[in-house]
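Let's take a walk through this model together. Please have the sequence and the 3D view open side by side.

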Amino acid sequence: MAAGSLTGDEVPGFVKISFSTLKLNNGGSLEPIWHPNARKIGYCLQGKAMVSIRDAAGSEVFAVKAGDMFFIPMGAIH
């Protein structure tokens, strides 16, 4: 298992879903990524961040803060 990541190998209920950790510095960002074969559940542990999602249906930008969960559909750029 890679540090900060869980897959269906470790948690059998994770079918085509991923869970990983990401730490951003103040003002930091992550380049756009997508997972062609998995959905993603996000959870903000501390601080706040902006999340953007784009897929065939359109785009969405929203803020998250500590304690918020969010969902990224399979194949969506985020």
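Which residues make up the largest nonpolar core? The eight are Cys 44, Val 51, Ile 53, Phe 62, Val 64, Phe 70, Ile 72 and Ala 76. Here a nonpolar core is a set of buried Ala, Val, Leu, Ile, Met, Phe, Trp, Tyr and Cys residues joined through side-chain atoms within 4.5 Å, and buried means under 20% relative accessible area, exposed over 50%, partly exposed in between (1.4 Å probe, protein chains only).

This is a predicted model, in which local features need pLDDT of at least 70 and side-chain atom pairs count only at pLDDT 80 or more, while totals for chains, interfaces and linings use all residues. Residues are numbered from 1 along each chain as its sequence is written, and side-chain values use heavy atoms, leaving out hydrogens and water.

Strands 4 and 5 run antiparallel and are joined by eight bridges; strands pair if DSSP finds at least two bridges between them. A hairpin of two residues connects strand 4 to strand 5. Along this pairing, Lys 48 stands opposite Lys 65, and Met 50 has Ala 63 as its bridge partner.

Elsewhere, Leu 30 is found in the loop between strand 2 (17–20) and strand 3 (39–43). Leu 30 is partly exposed, at 41% relative accessible area.

Definitions and conventions:
Helices (H or I, at least four residues) and strands (E, at least two) are DSSP runs, numbered from the N terminus.
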